[in-house]
Amino acid sequence: MNLRKTILATGVAFSALATASFAHAEPTAEVLHWWTSGGEAKAVSALKEDFEARGGKWVDSPVAGGGGDAAMTVLRSRVLSGDAPAAVQLKGPAIQDWAEQGALADLNDVAEAEGWDKVIPPAIQSVMKYEGDYVAVPVNIHRVDWIWANPELLAKVGATEAPKTWDEFNALADKLKAAGITPVAHGGQPWQDATVFETVVLGLGGPEFYQQALVDLDEDALKSDTMKAVFDQMRKIRGYVDADFPGRDWNLATAMVMNGDAAMQIMGDWAKGEFLAAGKVPGKDFICSATPSEHGYLFNVDSFAMFNVSGDDKVEGQKLLAELIVGQKFQETFNLLKGSIPARLGVPLDKFDDCAKKSEADLLAAQDAGGFLPSMAHGMALRGHLSGAIIDVVTAHFNSDMSSDEAVSRLVEAVELAKD
């Protein structure tokens with residue numbers, strides 16, 4: 001029996017059991033996640049406290065390591081054995097994968113009661129829904145397209161702010177390099193290369209081109225002169241990083257900016273957490289500025305999907321958990337700890353820093369301009385085999401003397417092979 005048939009069969013059995021179980025069960029939720037350290041672990045603990053305060057029983061199932069890879073191995077085994085957790089940390093197209101297999105329960109009754117369609121951005125709703133039904137809930141919104149800069153180093157070459165265009169970026173980087181300052185802190189890991197790449201695609205091509213190239217995988221966009229210009233810019237950026245970048249973790253690159261060893265880093269707003277944890281103040285000790293683009297905003301969203309479970313206690317636990325996750329209290333608590341902004345629109349940002357406030361303002365502007373777009377590098381825009389094909393080419397180009405023409409040819413070929 002294939003996986004989908006197994007899941008559907010167990011789902012039917014779960015539904016029958018749930019109907020037969022008692023009406024006033026204690027809400028119970030087993031939560032599978034990989035947030036096991038730092039602010040994320042504190043945020044999960046806060047959610048647990050809220051859940052228990054509402055009469056729920058929380059069963060914690062953390063799986064550390066691998067950025068979620070280990071957790072996904074555990075999840076697949078659990079689903080195949082007919083013992084899925086109630087709530088699982090999932091993101092992007094992985095939600096759609098499990099929904100297609102019949103594994104996820106819908107949350108429409110909670111969504112309607114809580115008015116989610118009015119408070120969750122439409123682009124994020126589309127990720128949380130499958131065939132019009134809510135099957136997951138968003139925890140936060142990370143913005144990917146940020147520049148983090150050291151103002152003291154910029155001042156040494158007469159700059160007071162981060163560059164607003166890629167031409168300005170190159171001019172500033174050239175001045176920094178001439179002054180003996182490493183212009184760009186970077187970690188030589190494929191996902192970091194891809195993070196820089198997608199911000200350049202957005203900036204040089206614009207939101208419509210980004211959609212065509214990295215979401216729709218339109219061949220004309222992938223082989224265009226604009227994409228060649230993107231690889232030209234990536235080659236320039238490669239010349240602005242230090243020789244020791246291969247294998248460097250992203251947080252160590254952030255530390256380079258923080259400690260005055262490099263002037264800028266292109267990285268999502270989880271980098272802000274590193275500055276804040278060190279007691280640094282936005283606008284004083286570090287600059288946060290969007291990478292150059294016209295009303296573009298690349299989002300990366302953490303979320304929890306609800307799996308088919310048996311028993312009213314577990315079903316009620318899922319509903320309560322979903323309500324709390326999208327609620328204003330948790331959205332504030334979690335995102336203050338994580339460095340992101342609430343996925344729920346309208347949460348007061350009084351306690352948030354200036355970078356977070358800029359992020360939400362830019363989000364609203366990007367929505368109006370059609371520039372609020374899913375990150376390819378962080379698993380929001382494409383399924384894994386497709387994004388992996390792109391990232392392989394980007395990394396190969398960044399770490400060699402491959403020409404832009406060859407990179408474009410390889411990109412088109414890799415995407416076509418991945419589609420088959």
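So, His-397: leaving out residues up to four places away in sequence, it touches Phe-231, Met-234, Arg-235, Met-402, Ser-403, Ser-404 and Ala-407, where contact means heavy atoms within 4.5 Å. His-397 comes out at 1% relative accessibility, so it counts as buried. For the cut-offs, buried is under 20% relative accessible area, exposed is over 50%, and partly exposed is in between, with a 1.4 Å probe and protein chains only.

Quick caveat: this is a predicted model, so local features need pLDDT of at least 70 and side-chain atom pairs count only at pLDDT 80 or more, while totals for chains, interfaces and linings use all residues. Residues are numbered from 1 along each chain as its sequence is written, and side-chain values use heavy atoms, with hydrogens and water left out.

Back to His-397, which sits in helix α18. Helices here are DSSP runs of H or I with at least four residues, strands are runs of E with at least two, and the numbering starts from the N terminus.

Now, how do α12 and α18 pack? Helix α12, residues 225-238, meets helix α18, residues 384-398, at an angle of about 50°, with the axes 10 Å apart. The axes are lines fitted to C-alpha atoms over the stretch in contact, and angles run from 0 to 180 degrees between N-to-C directions. That makes α12 and α18 oblique to each other; under 35 degrees would be roughly parallel, over 145 roughly antiparallel, 65 to 115 roughly perpendicular, and the rest is oblique.

On the α12 side you have Phe-231, Met-234, Arg-235, Ile-237 and Arg-238, and on the α18 side Val-393, Val-394, His-397 and Phe-398. Those contact residues split into six nonpolar, one polar and two charged.

Okay, salt bridges. How many does a search of the whole structure find? It finds 21, taking a side-chain nitrogen of Lys or Arg within 4 Å of a carboxyl oxygen of Asp or Glu.

One of them pairs Glu-323 with Arg-54 at 3.2 Å, N to O. This pair links distant parts of the chain, 269 residues apart: Glu-323 is in helix α15, and Arg-54 is in the loop between α2 and β2. Glu-323 is partly exposed at 24%, and so is Arg-54, at 44%.

Another joins Lys-358 and Asp-362 at 3.1 Å. Both lie in helix α17, four residues apart, about one turn of the helix. Through shared partners, salt bridges tie Arg-143, Asp-145, Lys-358 and Asp-362 into one network.

Definitions and conventions
Ala, Val, Leu, Ile, Met, Phe, Trp, Tyr, Cys and Pro count as nonpolar, Asp, Glu, Lys and Arg as charged, and the others, Gly among them, as polar.
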